[in-house]
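Let's take a walk through a protein together, one stop after another. Keep the picture open while you read.

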Amino acid sequence: MQVECSACKTRYRVNDDSIPAGKSLRLTCKTCKSPILIEGKPPKPEGGPPPKDDPASLKSKITKSINDLPLIPQVVMEIQNQLSQMNVNMQKVAQMIETDPGITSKVLRIANSAYYGASGKTSTIMQACVILGLRGLSEVVILAGSEKVLSGKLSGYGYDAGDLWRHSLAVAYGSKILANTRDPGISSAAHTAGLIHDIGRIILDPYIGERKSQIQDYMEKNQKTFLDAEIEYFGFSHAEVAAEACRAWKFPDFMSKAISYHHDPAGSNGDLLAYILHMADHIALMGGVGYDDDDILNEVQKDAMSFLQLKQSDLSEILLKIIESVNQIGMG
Ligand SMILES: [Fe+2]
Ligand SMILES: [Fe+2]
């Protein structure tokens, strides 16, 4: 900053950082020897809300951090990639699964669940490959690979261990059921997308935790959901973060697009999978397979029922099937 001697008007340049905040400094003018009093910057207020982040820089910080997050094991992504090829070598896939003992035991446990109809029959991965077929195996592998990360507690959001996992399973099977009625060709992708649709919440959880009291105040005073709070405080939502993660993990583009619109399918330009995820999410939340008290504030978009050609009476039927599937998997 520049200071001026009030007596002789001589100007001096002073480094702001040399004066502690809230203090002043007394100098003597070199020309006329008069005293010059320089006030430091005002002191920073103690406590109070931290400044809001710039959305673009926070989003780029989060996006960069995604690659360092071991949310879904690399081997699972490689197996998914193999299973999506035109000519799948089952023996190679079985060997890849067997390189990871943790994934192997989970794949066998899920393959033997009531849902996959192989109860008590499967003792080797190769048998599981034959019994489940490509689609079934793909579903089981992604379940095995994401169970651990989706089962954890989210302390920022206040979700107990298992809440996100049960909700994710419900949306995975709800999406599969809805896809089977509209386009069975995407049922496997719908299952995977449903399973990871809220994975952005895991990534945002520490950032929510840092602002917990402000966010709770905002939600209580304004009757808002965590989704509203994410947009208010970060400028983007967990849906966009999940889509960024899908891109980083090389999931197909149509899957990341659908996930990014799972709370706003009307903005997706008629994306069937986005509507499916939105509806499956809504059915799960309304059916009590959600997170918290704010589930009741969740709203289904106006055109979603007609877009998916659903009647109100279909929803309770789908919910029953979802609950039955989740129970049959035996992982809820
Ligand atoms: Fe969501
Ligand atoms: Fe959800």
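## A guided tour of the model

The centres of domain 1 and domain 3, taken over C-alpha atoms, are separated by 61 Å. What you are looking at is a predicted model. Its protein is divided into domain 1 (2–38), domain 2 (71–148) and domain 3 (152–332).

Now turn to the metal. Which residues hold the iron ion (ligand 2)? Its protein donors are His167 and His197, each through NE2, together with Asp198 and Asp281, each through OD, and they lie 2.2 Å from the ion. Along the chain, these donors follow the spacing H-x29-H-D-x82-D. Histidine 167 belongs to helix 6 (residues 163–182), while histidine 197 sits in the loop between helix 7 (187–196) and helix 8 (199–210); this pair, 30 residues apart, links distant parts of the chain. Both histidine 167 and histidine 197 are buried.

Why is the arrangement around this iron ion (ligand 2) called irregular? The 4 donor atoms subtend angles of 78 to 173°, and that makes it irregular. For a tetrahedral label, all angles would have to lie between 85 and 135 degrees. The iron ion (ligand 1) is 3.6 Å from the iron ion (ligand 2), and aspartate 198 coordinates both.

Next, look for charged partners. The count of salt bridges comes to 9. One of them joins glutamate 240 and lysine 59, with the closest N and O atoms 3.3 Å apart. Because glutamate 240 lies in helix 11 (residues 238–248) and lysine 59 in helix 1 (residues 55–66), the pair ties together parts that are 181 residues apart in sequence. Glutamate 240 is partly exposed at 28% relative accessibility, and lysine 59 is partly exposed at 24%.

Another salt bridge pairs glutamate 147 with arginine 109, their closest N and O atoms being 2.9 Å apart. Here glutamate 147 in helix 5 and arginine 109 in helix 4 (residues 101–111) are 38 residues apart, so this pair also links distant parts of the chain. Glutamate 147 is buried, with a relative accessible area of 13%, whereas arginine 109 is partly exposed at 41%.

Lysine 311 and aspartate 314 meet in a salt bridge too, at 3.6 Å from N to O.

Met126, Val130 and Ile131 make a nonpolar patch of about 260 Å². Methionine 126 is found in helix 5 (residues 125–151), and its 34% relative accessibility makes it partly exposed.

Key: Residues are numbered from 1 along each chain as its sequence is written. Chains are lettered from A and ligands numbered from 1 in the order in which they are written. This is a predicted model: local features need pLDDT of at least 70, side-chain atom pairs count only at pLDDT 80 or more; totals for chains, interfaces and linings use all residues. Side-chain values use heavy atoms; hydrogens and water are left out. Domain bounds come from an automatic or database domain assignment. Donors are N, O and S atoms within 2.8 Å of the metal (3.2 Å for Na, K and Ca); water is not among the atoms, so sites may look incomplete. Four donors count as tetrahedral if all angles lie between 85 and 135 degrees; four count as square planar and six as octahedral if opposite donors are over 155 degrees apart and all others between 65 and 115; anything else is irregular. Helices (H or I, at least four residues) and strands (E, at least two) are DSSP runs, numbered from the N terminus. Buried means under 20% relative accessible area, exposed over 50%, partly exposed in between (1.4 Å probe, protein chains only). Patches are made of residues with over 30% relative accessible area and no salt bridge: like charges are joined within 9 Å, nonpolar side chains (Val, Leu, Ile, Met, Phe, Trp, Tyr) within 5 Å. Accessible areas come from the Shrake-Rupley method with a 1.4 Å probe; for residues, only the protein chains shown count as cover. A salt bridge is a side-chain nitrogen of Lys or Arg within 4 Å of a carboxyl oxygen of Asp or Glu.
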